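Please look over the sequence and the structure first, then read on.

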Amino acid sequence: MSSGHLSEIDSSVQSIRFLDGKARYPVLFLIASGVLWLLFGSLLALLASVKMHAPEFLGQWSFLTFGRVRPLHLNTMVYGWASMTGAGVALWLLSRTLRVAIPMRPYIIGVTVIWNIALFVGSIQILSGFTRGIEWLEFPVSTMIVIVWCILVIGIAAMLMLFYRNVKTLYVSVWYIIAAFLWLPLLGGVSSLPIFNSPTVQAGMNWWFAHNALGLWFTPIGLAAAYYFIPKVVGRPIYSYGLSLLGFWGLALFYNWNGFHHLIGSPLPTWFVTISIAASVMMIIPVVVVAVNHHMTVVGSFSAVKHSPTLRFVVFGAMSYTFVSLQGSLQALRSTNEVIHFTHFVVAHAHIGMYAFVTMMLFGSCYYILPRLTNWEWQSHKLIKAHFWLSAIGIILYTVPLQIGGVLQGLAMNNPDIPFMDTMNLTIPYLIARSVAGVLLTAGHLIFAYLVVRIVSKVGLRPEAPTIWKKTLKET
Amino acid sequence: MILETSINITFGIWVLLLFSLLILLSGIALFIWAYFSGQFDDINKGAQLPFDEEEPPGEPTDQIFKKDESNNEA
Amino acid sequence: MVRNWILLFGIIAVFAIAMVGLTILPKLVVDPRVEAVDYGNTFEIVQGHAIYVREGCIYCHSMQVRPEGFGADFERGWGRASEAEDYRNLTPHLLGTMRTGPDLSNIGSRQPSVDWHMIHLYQPRAVSEGSIMPPYPWLFEVVNETARPNREGLSLPEEYRIPGKKVIPTDEARYLVAFLLSLNQQVPGMED
């Protein structure tokens, strides 16, 4: 390892400990808010899941009907948990990789307060039936604009860091994060425009937005985290930096065009759908590039997974990204889509993307970031391990049966000899399995929230030799 | 068919062709700029960025579960 | 500095190109097709659409029929393939992505009975054995048998009846059913 490269960093730069100290309050607040919405979203998820096989459960109250609980679950998880924690993780990663303290710290904290209020108001709006009624965009436009504005302000902080950085070369994580902070406000702004208010056109805008929210906001943040934490934990630079840039531009070029594969067989003009199918298949290139790069970095140091909670979650997330993206490319093909469209298979697929990839990546990032922000050690190894296994087993138990059920449901639906009621009845066992998985996942989230509360409030004894600061302590 | 009545299809094809040609040319121009301004000279340089003197490459971080180093199994 | 701006330009450019391709172009192509259609949306239908949206029916019911030969939508009697002109020009759109329940593009012609829809909304399992659709009791009023002599209660099966009471639909239930009955794609499509 040539130290010449290390000396590229400006000598006026503060140490990473100093940067972490500056990042403490804004990032902690974003992550803590995210965890709060994670718990609320898990509760809604359990409610919605149980209602799928027990329709009379809490059926008397209009504000707890399935058609309101389910969209609120999605919105709190997406714009609450994943966006808030993701923004916090992204800011911290920028601070580390650009060697500059997070600017506008009071503004970021203020904006996070407003963001929380907007989510709270939006939750009441959806539960009371005041919804925009578009999947992934259920918050009324006025509420959504506030949330997008909050992310825009945080994005301005990110741009300032880019322009006032203390390193010459941009690390690949920075490319992804800068792109994410540009793309999400654009997406949110365009999707709120009233020009798309005619039914069929709105469906196109709907799925262009929904797929891009995952592909151009959560995916870049998740990959940025993987590109930072895998080399950092393993202690080895990324296998091929050139490949990682190819992966970035591949994602930027192809992911933008993917949305219409949700509309195969719909009344929208077929040639738009065909473009999306082609782009979905092209996504194989950036996905394989990222997979090869991550795999070649970890390989040989795989035992590090045993010792590092961060690496466990991040490697699980990275593997899920490869899996879910390749699955997505196959799902976009007309012949497979004919079977799995309109079934629970897609729901399970979305959860592999948002949970097994994005959420696991964020958990892993939190396990690395929080001790460094709070200067405190995680209080229980056993609970971290329990959280990992509950999440990992939970999401597998969620997705595998539900995808099997989804395929059976789709095959039955495409066989006109089977009465429609039977296509629904055959999914019931799989829906019950999902509820069981949901309990496991929620238990994992409760453990995680407990650990976060403990470390943020610095409860408990500080370990005699904190593992993360071992080296620094030895020196002092 | 509906399509002809709503937009002129030959005109549309020309617009799309020119549009995609423009994108293609700007992409090539950017690549040439990137090549001659030295963006690809030391492509793997960026890979060192997560590391510094405090946490140099070759030294794993976040080894919380390592038995011999941690005495805080709760 | 130049490199920063080129990076930002590239990131926004790839986004903008796809945005034009997947949102603006479809608008230019599809909008002229729906402008000329008279949908005959009455007050009841517009209100019913809003209630359909409010209760989140879309999360279990799609409203798009796939073309013949692609899936079994046609064979199931759900009608011909949907076209842009079929939608009642009410937003939000209700195309949907889930068929926990059947497609509703043609429910108005498949099940034209107002009484069936009313009972089904009040208690789905009263007319549809084994259904997992949630009940919507807040669209109905439960009143004493003698009250409102000019309003007849729903003819519920024995097990769902409440002794001495009758169930009468509210205006919201009437609007929702009016919207459901308006869903009818039996008219030939523009491309037929």
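A polar contact here is a pair of N or O atoms within 3.5 Å; within protein, one must be able to donate a hydrogen and the other to accept it. The model is predicted. With that cut-off in hand, start at one helix of chain A.

**Helix 15 of chain A**
- At the start of helix 15 of chain A, Ser380(A) reaches out with a side-chain oxygen, to within 3.4 Å of the backbone nitrogen of Lys382(A).
- Helix 15 covers residues 381–413 of chain A, 33 residues in total.
- From first C-alpha to last, helix 15 of chain A reaches 47 Å. That is close to the 48 Å expected at 1.5 Å a residue.

**Where chain A touches chain C**
- On the chain A side, 89 residues are in contact, and they meet 73 residues of chain C.
- About 6800 Å² is buried between chain A and chain C. Carbon and sulfur atoms give 70% of that area.
- Between chain A and chain C, 21 residue pairs are in polar contact, with both residues at pLDDT 80 or more.
- On the side of chain A that touches chain C, helix 7 (residues 199–234) of chain A gives the most, with 10 residues.
- By class, that side of chain A has 51 nonpolar, 28 polar and 10 charged residues.
- The count of salt bridges between chain A and chain C is 2.
- One salt bridge joins the side chains of Glu56(A) and Arg125(C), at 2.6 Å from N to O.

**Salt bridges over all chains**
- The whole structure holds 17 salt bridges.
- Among them is the pair Asp20(A) and Arg96(A), whose closest N and O atoms are 2.8 Å apart.
- This pair links distant parts of the chain, 76 residues apart. Asp20(A) sits in helix 2 (residues 16–53) of chain A, and Arg96(A) sits in helix 3 (residues 66–98) of chain A.

**Backbone points to check**
- Leu58(A) is not a glycine, yet its phi is positive, at about 50°. Leu58(A) lies in the loop between helix 2 and helix 3 of chain A.
- Thr91(C) and Pro92(C) are joined by a cis peptide bond, with omega about 0°. Pro92(C) lies in the loop between helix 2 (43–54) and helix 3 (107–110) of chain C.

**Domains of chain C**
- The domain assignment gives chain C domain 1 (1–36) and domain 2 (42–182).
- The C-alpha centres of domain 1 and domain 2 of chain C lie 38 Å apart.

Terms used:
Residues are numbered from 1 along each chain as its sequence is written. Chains are lettered from A and ligands numbered from 1 in the order in which they are written. Side-chain values use heavy atoms; hydrogens and water are left out. Contact means heavy atoms within 4.5 Å. Buried area is the accessible area (1.4 Å probe) that two parts lose on being put together, summed over both. A salt bridge is a side-chain nitrogen of Lys or Arg within 4 Å of a carboxyl oxygen of Asp or Glu. Helices (H or I, at least four residues) and strands (E, at least two) are DSSP runs, numbered from the N terminus. Ala, Val, Leu, Ile, Met, Phe, Trp, Tyr, Cys and Pro count as nonpolar, Asp, Glu, Lys and Arg as charged, and the others, Gly among them, as polar. Domain bounds come from an automatic or database domain assignment. The expected span of a helix is 1.5 Å times one less than its number of residues.
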